[in-house]
Amino acid sequence: MRLFVIALAGCLAVIALAAAADERPKNIRICIQFIEVAHPDLTEMLTGPDTAGPLLHDKALALAKDGRAKLLETSVVMTRPGQKATVESIREVIYPAEYSPPGLPQAPPPPKQPLIRPDLYDAWETRNVGTTLEIEPSMAENGRNIDLRFVPEIVQLLRLETFKEYVDQWGDASIRMPVFGTWRLNTSVSLLAGQFEMVGVINPKPNTPGPATTRKILVFARADILPVSTQP
């Protein structure tokens with residue numbers, strides 16, 4: 001009888017601790033991963049009865065360890081339920097958006113005019129090159145699922161293309177415009193806490209015109225519910 005009372009007291013203590021943990025404030029941590037795989041490997045991964053997110057993530061990581069896949073990016077950010085959060089790792093690229101074509105000079109130019117002539121440009125734009133992740137998670141009523149709206153984006157500066165050739169007495173003053181490559185996913189999903197889910201597949205554009213048939217980029221998302229620690 002005494003042992004039963006002790007065991008019952010222990011169970012009640014565990015239940016009380018669990019209830020206290022449920023009442024603590026909680027944060028939600030979101031992890032997004034971009035993993036590049038070959039198209040045939042993706043086809044094989046999706047073949048079969050079991051295509052659950054954790055299994056697909058394990059397969060993609062196994063391919064990466066064998067050198068057959070590449071882990072391109074991992075972004076992590078934490079926020080409170082119902083709050084928006086953004087994490088950025090970017091470089092600002094400023095480029096001309098509008099320009100005035102060269103005409104007859106109104107006055108003699110200075111003796112040493114620079115090759116870059118900002119007087120030809122009427123407007124400029126800025127593009128963030130790098131990784132950006134925007135999230136807005138909320139907890140479902142059961143306390144185990146997370147409803148997540150998120151926008152992960154990777155932008156690359158691929159090259160500069162000559163838009164207009166122009167040479168003056170100081171040298172090359174051609175107008176060159178940047179060409180960007182963008183990988184973006186904008187969606188809302190429900191995730192089981194603590195498990196990865198494959199939320200999208202991106203087809204990166206090749207350097208030559210044509211469909212993207214050789215490689216695919218898998219986007220995985222994971223949400224973790226983290227009670228706020230009460231320890232000092």
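Trainee: Which residues does Ser 174 touch, not counting residues up to four places away in sequence?
Mentor: In this predicted model, Ser 174 sits in the loop between β7 (171-172) and β8 (175-184). Leaving aside residues up to four places away in sequence, the residues that Ser 174 touches are Thr 162, Lys 164, Glu 165 and Tyr 166.

Trainee: How far apart in space are Ser 174 and Lys 164, C-alpha to C-alpha?
Mentor: Lys 164 is among the residues that Ser 174 touches. The two are ten residues apart in sequence, and their C-alpha atoms are separated in space by 5.6 Å.

Trainee: Is Ser 174 buried or exposed?
Mentor: The relative accessibility of Ser 174 is 12%. A residue is called buried when its relative accessible area is under 20%. Ser 174 therefore counts as buried.

Trainee: What pattern does the chain follow when read along the sequence?
Mentor: The chain contains three helices and eleven strands. Read along the sequence, their pattern is α-β-α-α-β-β-β-β-β-β-β-β-β-β.

Trainee: Among contacts in the chain between residues at least 6 apart in sequence, what percentage join residues at least 24 apart?
Mentor: The contacts considered here are those between residues at least 6 apart in sequence. Of these, the share joining residues at least 24 apart is 73%.

Trainee: How many salt bridges does a search of the whole structure find, and which residue meets Arg 215 in one?
Mentor: The search of the whole structure finds eight salt bridges. In one of them, with 2.4 Å from N to O, the side chain of Arg 215 meets that of Glu 36.

Trainee: Which residues are linked with Arg 29 in a network of salt bridges?
Mentor: The side chains of Arg 222 and Asp 224 meet in a salt bridge of 3.1 Å, N to O. Arg 222 is partly exposed, with a relative accessible area of 26%, and Asp 224 is buried, with 12%. The network that includes Arg 29 also holds Arg 222 and Asp 224.

Trainee: Which residues lie nearest the centre of the largest pocket?
Mentor: The volume of the largest pocket is about 300 Å³. Its lining draws at least two residues from each of β5 (145-164) and β8, and by class it has five nonpolar, five polar and three charged residues. Of the 13 lining residues, those nearest the centre are Leu 158, Gly 181, Trp 183, Pro 204 and Lys 205.

Notes. Residues are numbered from 1 along each chain as its sequence is written. This is a predicted model: local features need pLDDT of at least 70, side-chain atom pairs count only at pLDDT 80 or more; totals for chains, interfaces and linings use all residues. Side-chain values use heavy atoms; hydrogens and water are left out. A salt bridge is a side-chain nitrogen of Lys or Arg within 4 Å of a carboxyl oxygen of Asp or Glu. Buried means under 20% relative accessible area, exposed over 50%, partly exposed in between (1.4 Å probe, protein chains only). Helices (H or I, at least four residues) and strands (E, at least two) are DSSP runs, numbered from the N terminus. Contact means heavy atoms within 4.5 Å. On a 1 Å grid over the protein atoms alone, a cavity is a set of points where a 1.4 Å probe fits but cannot get out, and a pocket is an open set with protein on both sides within 12 Å along at least five of seven lines; lining residues have an atom within 4 Å of a point. Grid points are joined across faces, edges and corners, and a volume is the space filled by probe spheres set on the points. Ala, Val, Leu, Ile, Met, Phe, Trp, Tyr, Cys and Pro count as nonpolar, Asp, Glu, Lys and Arg as charged, and the others, Gly among them, as polar.
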